[in-house]
Amino acid sequence: LCIGQDGKLLEDRVYTWGDRPPQVQVKVIEVGEFIRQSVVGDRTLIMVSATLANGDKLGFIPKQMGYAEGEYLGMIVGSPFDPKNTIVCVPPVPVSPAVAIAEVATGIGGRTMGLFTSHRALQEAAKSIRLPKGMEALVQGSMPKTRMVERFKELDGHAVILATQSFWQGVDIPGKALSCVVIDKVPFPTPDDPVVWWMEQRGANAFMGYSVPKAAIALKQGAGRLIRRETDYGAIVLLDP
């Protein structure tokens, strides 16, 4: 069954993929009622994260979980990290990620992570990047994630990590080994994201109500790879004007 974006049946035809069976990918969009009834129930739920808030507001995540304003208590606690330990750079003119990462890594002797918003951009950068002799490029997909991080630490930061998706969070490289994080774009959901389309069909402001909060949280998660301890310092380079 081929269904168009307007929800109408386009055609009814059997497709074959050789020896590969067809696959259906499903994403549950509204999880609030399930969480409230099956997970929380009558209990008190405490949520703690470094990336729950958008600016000075906490409404996005609770709303995704089915809680309206007034049904939860929120507190935003200041960071123990000194903002002076980090500088954020946005180049005034377009720069390709491969060139930017190579220039940064050459200047500081490696110690750089490049985060990409798509596998295509990652592969393009991996093919075109030119690093000084003796500096290694560790590309996501060439080895397991944990092994990439171990290898980076073994090289004492004399390398660059090029990665996407899973490396935006859950990666801990404290100290001088990682001193710069280069991000190719603000990680907005793609315009053809089915969730965005579904929200627009319901009359919701998908951009401000969904895409912007999602991008803000993801951007904070990516930037959070840099400062892991109170003594850490470094730069975040955002290549998105």
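Author: Let's start at Val40: setting aside its neighbours within four places in sequence, Val40 is in contact with Ile35, Leu45 and Tyr67. Bear in mind as we go that this is a predicted model. Val40 belongs to helix H1, which covers residues 32–40. Is Val40 buried or exposed? Its relative accessible area is 5%, and with the cut-off for buried at under 20%, Val40 counts as buried. For a sense of distance, take Gly70, which is 30 residues from Val40 along the chain: the C-alpha atoms of the two are 17 Å apart.

Arg36 sits over the face of the Tyr67 ring, 4.5 Å from the ring centre. You'll find another arrangement of this kind at Phe167, where Lys145 lies over the ring face at 5.6 Å from the centre.

From Lys145, let's move on to the strands. Strand S5 (residues 136–139) and S6 run parallel, joined by four bridges, and in S6 the bridge partner of Ala137 is Val160. To get from S5 to S6 the chain passes through helix H5 (residues 145–154), and this β-α-β crossover is right-handed. S6 also pairs with strand S4 (residues 112–116): those two are parallel as well, with five bridges between them. Across that pairing, Leu115 stands opposite Ala163 in S6.

What about the side chains of S6? In a regular strand, side chains alternate between the two faces of the sheet. Here Ala159, Ile161 and Ala163 point one way, while Val160, Leu162 and Thr164 point the other, and all are buried. With six of the six residues of S6 (residues 159–164) buried, the strand is largely enclosed by the rest of the structure.

One last stop, back with the rings: how many aromatic pairs does the structure hold? There are two. Phe188 and Phe207 form a stacked pair, with 5.7 Å centre to centre and 25 degrees between the planes. Phe188 is in the loop between strand S7 (180–183) and helix H6 (194–201), whereas Phe207 is in helix H7 (residues 206–223), so the pair ties together parts that are 19 residues apart in sequence. As for accessibility, Phe188 is partly exposed at 38%, and Phe207 is partly exposed at 47%.

Key
Residues numbered from 1 in each chain as written. Predicted model: local features only at pLDDT ≥ 70, side-chain atom pairs only at ≥ 80, totals over all residues. Heavy atoms only, no water. Phe/Tyr/Trp six-rings, centres within 6.5 Å; stacked < 30°, edge-to-face > 60°. Buried < 20%, exposed > 50% of the residue type's maximum accessible area, 1.4 Å probe, protein only. Lys NZ or Arg CZ within 6 Å of the ring centre and 35° of its normal. Pairing = 2+ DSSP bridges. Right-handed = clockwise from strand over helix to strand, strands pointing away. Contact = heavy atoms within 4.5 Å.
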